[in-house]
Amino acid sequence: MKNLAILILSGLLLSANASAGILEDRNCGSCHRLNTEETSLTAPDLHYAGNKFQPEWLKQFLKKPEVIRPAGFINDPEFLQGSTENRPVHPSFPEEDLNCLVESLMSLKIPGSTPAPTEPLSKGQQAKIKYQFERTFGCISCHQSLNLAGKVRGGISGPSLVNAGNRLQADWIADWLSSPETYLAKGRMPRYKMDPATLGQFTRFIMTLKKENIK
Amino acid sequence: MTMNQKILLAGIIFLLITGCGQNEQATPVVKPPTQQEVRETVPPTPQPKLAQVTAETRQTYQWYCAQCHGINGKGDGINAKFLTVPPRNHTKAEYLETRTDEQLFEAIKFGGLSTGRAPCMPAWGHTLDEDTIHSLVQYIRELCQCEAL
């Protein structure tokens with residue numbers, strides 16, 4: 001019995017080390033911040049990747065990276081230049097790495113996610129929030145989104161939200177909107193003080209944005 | 001002229017001579033102060049202190065505003081060509097001199113819609129404190145080299 005416990009414990013430790021190790025082995029920390037002790041670098045923080053991303057999306061992204069931030073990362077010296085040339089392309093990883101990478105990234109979590117409502121929006125609510133998204137809060141000025149005709153539109157200084165419903169977790173969106181400083185000391189996005197009902201509806205609206213809806 | 005009328009006339013003349021003379025002695029003529037005297041004696045009305053444009057103001061503009069308004073404030077930020085309404089060119093005095101500082105302050109704090117302008121401009125009132133917004137208004141004045149008409 002004692003030997004079995006030691007075996008299981010050793011297995012868990014090896015698994016944890018393998019998970020932590022692959023991020024190091026693949027040099028992820030040279031661009032991404034993987035824990036709060038590191039300073040912000042040249043790519044999005046990943047020390048809360050487990051709060052933020054959906055594992056299936058992560059897997060697809062790591063296999064075949066797509067552009068999330070057309071203007072680059074906010075700390076990039078070239079960020080305000082708008083040039084998309086000579087931008088570093090995110091590496092793609094072989095199939096055998098994917099599960100371990102995703103597991104590793106999903107294990108990076110910080111406390112504090114707010115449970116977001118999950119029930120779908122009515123058509124009326126969807127139209128109302130879409131109006132607020134574009135006009136009241138001006139999100140479309142910096143984030144690409146989908147218009148009513150299913151076409152991509154919007155600014156490029158913020159990360160694209162065209163596929164946010166597949167990429168992000170609802171709880172993280174709600175938490176980001178209510179307390180962004182939990183995740184990023186100083187972003188370039190304005191802070192909003194939404195009432196809980198609006199916050200919930202906004203979260204649900206963003207979760208409806210999926211690339212399969214592009215027409 | 002009857003006797004009564006003569007007495008009345010004499011009384012009026014007496015009063016005019018004695019009374020006026022006494023008044024002149026009691027209340028001397030006060031001349032209005034000259035402008036110089038006014039300047040020396042009346043403390044100036046305190047003027048509201050204008051916010052200062054500091055290095056921090058410029059950094060704030062670059063960090064937040066330049067995304068749409070551009071590095072030099074010419075309305076050509078990286079988001080500009082994707083917006084339905086072009087961002088304001090802060091170097092053009094023609095429009096900005098028609099806006100008061102208060103209107104610019106409100107547009108930054110409460111967003112474009114609050115002042116009847118484009119909804120593309122979000123509200124920054126929960127991100128920037130009022131002193132910072134005042135200093136941004138002054139920075140916009142510096143960029144346009146203009147004042148409100």
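How many salt bridges are there between chain B and chain A? The count is zero. The legends below describe close-up views of a predicted model.

**View 1. The interface between chain B and chain A.** In this predicted model, 28 residues of chain A are in contact with 19 residues of chain B. Together the two chains bury an area of about 2000 Å², and carbon and sulfur atoms give 61% of that area. Three residues of chain B, namely B:Trp63, B:Ile78 and B:His126, supply 33% of the area that chain B buries against chain A.

View 2. On the side of chain B that touches chain A, 13 residues are nonpolar and six are polar. No charged residue of chain B belongs to that side.

**View 3. The fold of chain B.** Six helices and zero strands are assigned to chain B, and the pattern read along the sequence is α-α-α-α-α-α. Chain B has 149 residues, of which 32% are buried. Among the contacts in chain B between residues at least 6 apart in sequence, 50% join residues at least 24 apart.

**View 4. Backbone of B:Gln145, after α6 of chain B.** B:Gln145 lies in the segment that comes after α6 (130-144) of chain B. Its phi is near 50°, which is a positive value in a residue other than glycine. B:Gln145 has a relative accessible area of 74%; this value is over 50%, so the residue is classed as exposed.

**View 5. Backbone of A:Asn27, between α1 and α2 of chain A.** A:Asn27 is placed in the loop between α1 (2-25) and α2 (49-52) of chain A. This residue is not a glycine, yet it has a positive phi of about 65°.

Terms used. Residues are numbered from 1 along each chain as its sequence is written. Chains are lettered from A and ligands numbered from 1 in the order in which they are written. This is a predicted model: local features need pLDDT of at least 70, side-chain atom pairs count only at pLDDT 80 or more; totals for chains, interfaces and linings use all residues. Side-chain values use heavy atoms; hydrogens and water are left out. Contact means heavy atoms within 4.5 Å. Buried area is the accessible area (1.4 Å probe) that two parts lose on being put together, summed over both. A salt bridge is a side-chain nitrogen of Lys or Arg within 4 Å of a carboxyl oxygen of Asp or Glu. Ala, Val, Leu, Ile, Met, Phe, Trp, Tyr, Cys and Pro count as nonpolar, Asp, Glu, Lys and Arg as charged, and the others, Gly among them, as polar. Helices (H or I, at least four residues) and strands (E, at least two) are DSSP runs, numbered from the N terminus. Buried means under 20% relative accessible area, exposed over 50%, partly exposed in between (1.4 Å probe, protein chains only).
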